[in-house]
Amino acid sequence: MSRYVFRFKKLKVYNKANDLWQRLHEISDSLPPAQLDLRDMLRKHSLLITLEIVRGASRPARRKAEGHFRSATRSAELCESVLIGLTQTGIQFKEIESAVTEVRALEAMLRDIAENIASGASAPDVFRDA
């Protein structure tokens, strides 16, 4: 039983999400005071991505696991839209452009995992390269 407790730490998608969370947190720290609402959204949803991956990886029930990965995908999409919105308000950071690219790559990984779960793939197959 204990060998599955921390299985999520071995997942590429978890590590990528965790790195992204740290990166988005750094970006949010550099936002001007007028953008506090966007800073809070970035922080909340970047953390939710990571938490939903943990919950999805630990759920043996296929529908629940799929739901968690779809929820993580929605949070990633929200982070992407906030980052794009920041660039449209005139805030220019090189970090934002590369973060958008990272978020999009993570979204693709999360979608693939959710689709594989939905299609009936076994957990070892779903998480082998995830």
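Among contacts in the chain between residues at least 6 apart in sequence, 73% link residues at least 24 apart, where a contact means heavy atoms within 4.5 Å. This is a predicted model, so to speak of local features takes a pLDDT of at least 70, and side-chain atom pairs count only at pLDDT 80 or more, while totals for chains, interfaces and linings use all residues. Residues are numbered from 1 along each chain as its sequence is written, and side-chain values use heavy atoms, with hydrogens and water left out.

**The chain as a whole**

- You're looking at five helices and zero strands, running α-α-α-α-α from the N terminus on; helices (H or I, at least four residues) and strands (E, at least two) are DSSP runs, numbered from the N terminus.
- Of the 130 residues in the chain, 38% are buried, meaning under 20% relative accessible area, with exposed being over 50% and partly exposed in between (1.4 Å probe, protein chains only).

**Helix H1**

- H1 (residues 12–29) has 18 residues and reaches 26 Å from its first C-alpha to its last, close to the 26 Å expected at 1.5 Å a residue; the expected span is 1.5 Å times one less than the number of residues.
- Its buried residues are Val-13, Tyr-14, Ala-17, Leu-20, Leu-24, Ile-27 and Ser-28.
- They cover an arc of only 140° around the axis, so they sit on the same side of H1; the arc is that of the directions from the helix axis to the C-beta atoms.
- Lys-12 and Glu-26, on the other side of H1, are exposed.
- The buried residues of H1 pack against H2, H3 and H4.

- Ser-28 counts as buried because its relative accessibility is 1%.
- A polar atom of its side chain lies 2.7 Å from the backbone oxygen of His-25.
- The Ser-28 side chain also makes a polar contact with the side chain of Arg-43, at 3.0 Å; a polar contact is a pair of N or O atoms within 3.5 Å, and within protein one must be able to donate a hydrogen and the other to accept it, with residues adjacent in sequence counting only if both atoms are side-chain atoms.
- Setting aside neighbours within four places in sequence, Ser-28 is in contact with Arg-39, Leu-42 and Arg-43.

- H2 has 22 residues and spans 32 Å from first C-alpha to last, close to the 32 Å expected.
- Buried residues in H2 include Leu-38, Leu-42, Ile-49 and Ile-53.
- The buried residues of H2 fall within an arc of 160° seen down its axis, so they line one face of the helix.
- H3 (residues 62–88) has 27 residues and reaches 39 Å, close to the 39 Å expected.
- Just after H3, Gly-90 takes a positive phi of about 100°.

**The nonpolar core**

- The largest nonpolar core has 33 residues, and Leu-24, Ile-49, Ile-53, Leu-83, Leu-86 and Leu-110 have the most contacts inside it; such a core is a set of buried Ala, Val, Leu, Ile, Met, Phe, Trp, Tyr and Cys residues joined through side-chain atoms within 4.5 Å.
- H1, H2, H3 and H4 (94–118) each supply at least two residues of this core, and H4 gives the most, with nine.
- Not counting residues up to four places away in sequence, Leu-24 touches Leu-42, Ser-46, Cys-79, Leu-83, Ala-99 and Val-103.
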